[in-house]
Amino acid sequence: MSEVNFTHSNGNKVTLTVPSSLSGDVTVRLPNETCTLGMGDGFIAEGGVETTYTSGGTTYMLHTFLTSGVFRCNQDRTIDFLLVGGGGASPAAQLSYGSSGGGGGGGVVEGTGFSLTAGTYVVTVGAGGVRTGEYTQGGNGGDTTFAGVTAKGGGGGGDYAATGRDGGSGGGGGEVTQAGGASIQSSQNSGISNIQQFGFAGGTGGQYTSSPGGSGGGGGAGGAGAAPNSTDHSNSVGGAAGLGRANSITGTSTTYGRGGIGGGQGQLYAEPGLNGRGDGATGATASHPYQGKGANGGSGIVIIRYTI
């Protein structure tokens with residue numbers, strides 16, 4: 001039970017005791033006065049960073065998790081959500097004239113009209129993959145999970161003679177013509193309704209000292225990474241990165257799960273993926289005797305939305 005206190009126009013104080021689970025509005029009639037107490041529908045939820053916005057006359061509550069946490073709700077609710085896995089990392093480029101593949105973007109899962117039962121839910125936000133040394137593969141991003149749904153972390157890119165790793169989106173392959181990693185996002189979440197999943201493969205690596213040189217771009221949630229071509233070679237870059245996927249769950253269109261461009265020619269350190277977006281790291285390049293270092297992928301995100 002809970003108490004609601006208010007003051008009558010004659011100055012008398014009134015206390016109304018109501019059940020804690022009461023929903024809807026309550027009308028109180030007293031001599032010469034009537035008032036309505038808005039009790040709402042009794043739904044209470046907490047967790048993450050809580051914000052609201054209004055669009056088209058509808059007001060939405062958002063719970064945003066940039067790090068792992070807990071979401072609780074006291075009643076069943078129909079929700080929308082966005083899950084993005086952590087982006088894949090890139091390795092260092094082989095010391096002489098090598099390059100490394102871009103990291104794959106984190107897998108993206110969108111839930112619409114998803115039925116969530118009352119309870120406590122652990123929210124896991126995938127970390128970005130960790131950069132590694134030469135002649136190997138960058139680390140995969142961490143998986144992002146909520147309510148039994150998983151967005152896979154992106155695959156790490158490959159250096160010389162190393163393929164890209166499989167992941168939410170696959171990492172780019174290294175030289176010489178090493179295969180990009182596959183997307184395994186579509187194989188997740190079997191039997192779960194009201195979701196869509198996105199992830200694509202990484203690009204194949206190019207040649208070592210001939211054209212087209214460079215490594216493959218990491219796959220993204222909006223498209224596959226590419227193998228380097230002659231134009232890329234002329235511009236000293238590797239294969240194009242896979243596009244990310246735009247999502248407007250927050251009321252503003254934002255792109256998530258982008259792949260990293262593959263490393264090309266010349267000495268260049270890799271750039272990390274953007275945190276909170278699940279982007280893959282770019283590939284690195286080396287020019288003897290200077291090595292290019294790899295970079296970490298960007299962390300993922302969870303956003304939960306419902307009407308209020």
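# Buried spots, a sheet and salt bridges

Biologist: Gln94: buried or exposed?

Modeller: Gln94 counts as buried, because its relative accessibility is 9%. Buried means under 20% relative accessible area, exposed means over 50%, and partly exposed is in between (1.4 Å probe, protein chains only).

Biologist: What kind of model is this?

Modeller: This is a predicted model: local features need pLDDT of at least 70, side-chain atom pairs count only at pLDDT 80 or more, and totals for chains, interfaces and linings use all residues. Residues are numbered from 1 along each chain as its sequence is written, and side-chain values use heavy atoms, leaving out hydrogens and water.

Biologist: Back to Gln94. Where does it lie?

Modeller: In the loop between β9 and β10. Strands here are DSSP runs of E with at least two residues, helices are runs of H or I with at least four, and both are numbered from the N terminus.

Biologist: And which residues is Gln94 in contact with?

Modeller: Leaving aside neighbours within four places in sequence, Gln94 is in contact with Glu134, Tyr135, Asp159, Tyr160, Tyr208 and Ala286. Contact means heavy atoms within 4.5 Å.

Biologist: How much of the chain is buried?

Modeller: Of the 308 residues, 48% are buried. The accessible surface comes to about 13,100 Å². Carbon and sulfur atoms hold 48% of that surface. Areas come from the Shrake-Rupley method with a 1.4 Å probe, and for residues only the protein chains shown count as cover.

Biologist: What share of the contacts joins residues 24 or more positions apart?

Modeller: 58%, counted among contacts with a separation of 6 or more.

Biologist: Now the six-stranded open sheet. What is the strand order?

Modeller: β6-β7-β17-β9-β10-β14, with antiparallel pairing. Two strands pair if DSSP finds at least two bridges between them.

Biologist: Which strands stand at the edges?

Modeller: β6 (49–55) and β14 (195–198). Each has a single partner strand, so one side of each is left without a neighbour in the sheet.

Biologist: By how many degrees are neighbouring strands turned against each other?

Modeller: By 20 degrees on average, direction ignored. The axes are lines fitted to C-alpha atoms, for helices over the stretch in contact; angles run from 0 to 180 degrees between N-to-C directions.

Biologist: How many bridges join β7 to β17?

Modeller: Six, between β7 (residues 58–65) and β17 (residues 301–307). In that pairing, His63 stands opposite Ile304.

Biologist: And β9: how many of its residues are buried?

Modeller: Seven of the eight, in residues 77–84. β9 pairs with β10 (residues 108–116) over seven bridges, and five bridges join β9 to β17.

Biologist: Which strand is Val302 in?

Modeller: β17. Val302 counts as buried, because its relative accessibility is 0%. Residues that Val302 touches, beyond four places away in sequence, include His63, Leu82, Val123 and Thr144.

Biologist: How far apart are Val302 and Gly85 in sequence and in space?

Modeller: 217 residues in sequence, and 8.9 Å in space, C-alpha to C-alpha.

Biologist: New topic. How many salt bridges does the structure hold?

Modeller: Five. A salt bridge is a side-chain nitrogen of Lys or Arg within 4 Å of a carboxyl oxygen of Asp or Glu.

Biologist: Which residue forms a salt bridge with Asp80?

Modeller: Arg305, with the closest N and O atoms 2.9 Å apart. This pair links distant parts of the chain, Arg305 in β17 and Asp80 in β9, 225 residues apart. Both Arg305 and Asp80 are buried.

Biologist: What does Arg72 meet in a salt bridge?

Modeller: Glu46, at 3.4 Å, N to O. Arg72 sits in β8 (residues 69–73) and Glu46 in β5 (residues 45–46), 26 residues apart. Arg72 is partly exposed at 40% relative accessible area, and Glu46 is partly exposed at 41%.

Biologist: And Lys152: which residue does its side chain meet?

Modeller: Asp143, at 2.9 Å, N to O. Lys152 is buried, with a relative accessible area of 18%. Asp143 counts as partly exposed, at 29%.
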